[in-house]
Protein chains: 2
Amino acid sequence: MKKFYIAKSRRIRATPYTSRIEKQGLSSYTVYNHMLLPTGFNESLEDDYHHLKKYVQVWDVAAERQVEISGQDSSKLVQLMTCRDLSNSKDGRCYYCPIIDENGGLINDPVVLRHNKEKWWLSIADSDVILYAKGLAIGYKLKVKITEPNVDIFAVQGPKSYALMEKILGHEITKLKFFDFRYFDFKGSKHLIARSGWSKQGGYEIYVEDTKSGLLLYDHLFDHGKEFNVKPGYPNAIERIESALLSCGNDFDNNDNPFECGFDKYTNIDSDVEFIGKDALKNIKSKDIAKKLMGIMIDVNFIDMSSSIEIKDLNNTIIGEVRSGIYSPTFKKVIGICMINLPFYRDFKECNVVVNENICEAKLCELPFI
Amino acid sequence: MKKFYIAKSRRIRATPYTSRIEKQGLSSYTVYNHMLLPTGFNESLEDDYHHLKKYVQVWDVAAERQVEISGQDSSKLVQLMTCRDLSNSKDGRCYYCPIIDENGGLINDPVVLRHNKEKWWLSIADSDVILYAKGLAIGYKLKVKITEPNVDIFAVQGPKSYALMEKILGHEITKLKFFDFRYFDFKGSKHLIARSGWSKQGGYEIYVEDTKSGLLLYDHLFDHGKEFNVKPGYPNAIERIESALLSCGNDFDNNDNPFECGFDKYTNIDSDVEFIGKDALKNIKSKDIAKKLMGIMIDVNFIDMSSSIEIKDLNNTIIGEVRSGIYSPTFKKVIGICMINLPFYRDFKECNVVVNENICEAKLCELPFI
């Protein structure tokens with residue numbers, strides 16, 4: 001498959017770590033929130049996958065931008081934007097929150113950090129949530145301040161992340177529970193650290209506000225992480241598809257609703273809270289959903305995903321589409337995330353997918369794969 | 001300068017023309033509105049620049065997405081979003097309209113197409129204007145429908161574009177005035193065509209709604225355009241900087257206001273119309289602007305722009321930053337678009353810019369260069 005270069009410009013923002021990862025052997029980028037997000041280094045995706053599952057990696061994920069919403073109406077605005085009931089949310093906790101529009105269509109799926117009831121960060125996937133927030137705040141005349149602060153996340157992921165972070169930051173960091181966050185000291189600077197990340201291999205995300213100290217910490221992790229075999233990395237497509245960590249824009253978009261994506265437990269239509277799209281979602285819930293995200297295993301050893309790929313049943317009827325796919329060394333075939341139409345998502349039929357111009361046999365399954 | 005590959009995925013959408021341009025010798029992409037936008041072919045940027053100024057090119061600019069706003073409150077919503085007075089706008093006309101937020105900060109600079117007073121298209125630069133529109137519509141409870149229709153623009157640009165389009169579509173097309181649009185017939189299908197485009201070399205943009213017919217027209221232009229030396233192309237960085245066609249995200253962003261960017265004639269703060277940020281802009285206008293977009297000529301023959309580059313005066317004081325830059329074969333040096341701080345934009349001092357690790361002499365000038 002022919003490869004193409006990425007044209008850089010100020011509009012596709014570099015991160016504070018860009019010059020470092022390019023020296024560390026970076027080979028490819030994607031663009032995410034108008035920013036460079038690494039997608040590969042000199043070693044193969046598969047080698048990096050095995051390394052991630054065994055050791056520890058440091059990832060430049062500064063493209064996970066923050067939308068800061070503060071002020072006396074900030075809790076109201078954040079709740080308006082998400083179908084998840086945040087009325088019992090706590091300071092210092094992260095919440096995975098689908099953001100939806102008036103039709104119940106998905107706009108984004110950020111991790112929402114509640115600093116306190118008048119200061120929230122939405123750690124967003126790839127769409128300009130800040131513009132939605134600004135439009136709503138203006139229209140509803142809310143007393144809020146909405147900004148994109150200078151916060152550049154890097155992640156420390158993998159089973160050895162705990163030992164590495166303990167070595168650098170002390171024993172306290174190991175007590176941080178999953179999806180909790182708080183500030184930790186590194187050589188006199190405070191860094192917000194959450195136990196979270198875009199893998200299921202465990203680890204932390206460091207929300208760097210003090211860039212100079214953050215770069216020092218980044219370098220320190222490599223200088224002192226040799227015993228844990230630390231390497232640079234990136235959200236790994238094999239690991240994330242096996243774990244069914246959904247990707248906004250890949251696996252779902254504004255034409256899909258939370259029920260179709262399996263976000264039922266984050267879609268609290270029976271709660272008392274007011275949010276946009278609640279009536280639309282109640283209406284959707286009263287019927288069968290039109291389509292459903294599922295897994296698919298395809299009998300082939302390579303796939304190139306640059307747009308959706310049709311899935312047909314054995315009668316040649318289109319039953320859905322593959323939206324993300326990758327060869328899995330664990331399953332020894334291509335696995336993917338697909339959207340399957342009603343009524344085909346009800347029984348897991350055999351199906352066919354045309355990959356690399358060949359008709360390939362495939363099977364649907366529930367998510368996640370692992 | 002090391003080059004990096006772009007990682008494709010469904011999230012970075014292909015256009016209907018992607019498979020064609022890749023066969024035609026594409027070498028690099030940028031990402032624009034979550035879509036692939038070509039930035040180079042096998043021939044050099046400079047060769048393509050000379051060709052554009054002499055002949056005709058067909059460009060895949062489907063990444064210029066449309067935000068369709070229709071319904072009884074659509075005129076009200078479009079006017080709320082832009083500081084340009086649209087009260088005397090006419091059906092079938094295009095309007096260049098800065099979109100601003102409550103602080104007067106720029107969000108986008110679309111070409112707005114008025115189909116009629118209840119149907120508008122915003123042909124947007126690179127930010128999710130649809131989310132701003134949705135937020136405002138919900139908050140203000142406006143009776144509108146907001147969608148991203150399946151419209152995939154390709155442009156025909158260059159001095160020979162008139163002759164080529166006349167050959168294919170007939171004499172009527174030559175009567176279309178600059179920034180007018182209407183539907184033209186091609187083999188039984190109607191295509192909205194505007195006399196517009198992201199160059200100053202003249203030409204048209206075809207807003208393809210009927211994909212099949214649009215692809216036929218795309219191919220037809222190449223099949224029948226040999227006598228005009230037609231080639232595939234893309235918005236050419238040399239031509240657009242010489243002409244000072246500003247690029248949202250490169251030359252300005254949400255921290256800049258329309259007065260700082262020279263959009264005074266599109267910023268109608270003394271009109272009677274209501275728009276967001278009007279009070280903020282009145283306040284800004286009552287003082288000196290904090291910074292101003294200008295041109296810069298740098299005595300060097302190559303620049304790599306991946307983020308802003310500081311500009312210093314001869315006393316080593318930072319006076320601004322270069323935001324876009326390219327070697328111009330016309331001026332035989334690097335030219336750029338830069339933001340210069342108060343009071344330095346008042347007198348066009350000699351200055352210095354560090355390019356490729358060398359201190360280079362530079363001069364400020366007014367825009368455009370040509």
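1. Barrel in chain B. In this predicted model, six strands of chain B close into a barrel, in the order E17-E20-E19-E18-E21-E22, with antiparallel pairing. From one strand to the next the twist averages 40°. One of the pairings is that of strand E18 (residues 309-312) with strand E19 (residues 318-328) of chain B, which run antiparallel and are joined by four bridges. Within this pairing, B:Glu310 stands opposite B:Glu321 in E19(B).

2. Strand E13 (residues 181-186) and strand E14 (residues 189-194) of chain B run antiparallel and are joined by six bridges. The two strands form a hairpin with two residues between them, and B:Lys187 in the turn has a positive phi of about 50°. B:Phe186 has B:Ser189 in E14(B) as its bridge partner. E14(B) also pairs with strand E15 (residues 203-208) of chain B, in the antiparallel sense and over three bridges. There, B:Ala194 stands opposite B:Glu205 in E15(B).

3. Relation of the two copies. Chain A is superposed on chain B by a rotation of 180° with 0.0 Å of shift along the axis, at an RMSD of 0.0 Å. The two copies are therefore related as by a two-fold rotation axis. Of the interface residues of chain A, 100% are also interface residues in chain B, so the copies meet through the same surface.

4. Composition of the interface. The contact between the chains involves 48 residues of chain A and 48 residues of chain B. On the side of chain A that touches chain B, at least two residues each are supplied by strand E1 (5-6), strand E2 (26-32), strand E3 (35-41), helix H4 (129-139) and strand E19 (318-328) of chain A. H4(A) gives the largest share, eight residues. By residue class, this side of chain A divides into 18 nonpolar, 17 polar and 13 charged residues.

5. Pairing across the interface. Strand E1 of chain A and strand E2 (residues 26-32) of chain B run parallel and are joined by two bridges. A:Tyr5 stands opposite B:Ser28 in E2(B).

6. Is B:Asp128 buried or exposed? With 26 other C-beta atoms within 10 Å, B:Asp128 is buried. B:Asp128 lies in the loop between strand E10 (119-123) and helix H4 (129-139) of chain B. Leaving aside neighbours within four places in sequence, B:Asp128 is in contact with A:Ser127, A:Asp128 and A:Leu131. The C-alpha atoms of B:Asp128 and B:Val111, which are 17 residues apart along the chain, are separated by 15 Å.

7. Nonpolar core. The largest nonpolar core has 232 residues, and those with the most contacts inside it are A:Ala133, A:Phe154, B:Ala133 and B:Phe154. In soluble globular proteins, nonpolar side chains tend to be buried together. Not counting residues up to four places away in sequence, B:Phe154 touches B:Tyr17, B:Val58, B:Trp59, B:Asp60, B:Val61, B:Ala62, B:Ile206, B:Val208 and B:Tyr218.

8. Backbone geometry to check. Most residues other than glycine have a negative phi, and most peptide bonds are trans. The peptide bond from A:Leu367 to A:Pro368 is cis, with omega near -5°, and A:Pro368 is placed in the segment after strand E22 (358-365) of chain A. In chain B, a cis peptide bond joins B:Leu367 and B:Pro368, with omega about -5°; B:Pro368 lies in the segment after strand E22 (358-365) of chain B.

9. Positive phi outside glycine. A:Lys141, although not a glycine, has a positive phi of about 55°. A:Lys141 is placed in the loop between H4 and strand E11 (145-147) of chain A, and counts as exposed, with 9 C-beta neighbours inside 10 Å. B:His34, also not a glycine, has a positive phi of about 60°. B:His34 lies in the loop between E2 and strand E3 (35-41) of chain B, and counts as partly exposed, with 19 C-beta neighbours inside 10 Å.

Methods:
Residues numbered from 1 in each chain as written. Chains lettered and ligands numbered in written order. Predicted model: local features only at pLDDT ≥ 70, side-chain atom pairs only at ≥ 80, totals over all residues. Contact = placed C-beta atoms within 7 Å. Nonpolar A, V, L, I, M, F, W, Y, C, P; charged D, E, K, R; others polar. Pairing = 2+ DSSP bridges. Axes fitted to C-alpha atoms, helices over the stretch in contact; angles between N-to-C directions. Core = buried A, V, L, I, M, F, W, Y, C linked by C-beta atoms within 7 Å. Buried ≥ 20, exposed ≤ 12 C-beta atoms within 10 Å, placed from the backbone. Least-squares fit on C-alpha atoms with pLDDT ≥ 70 in both.
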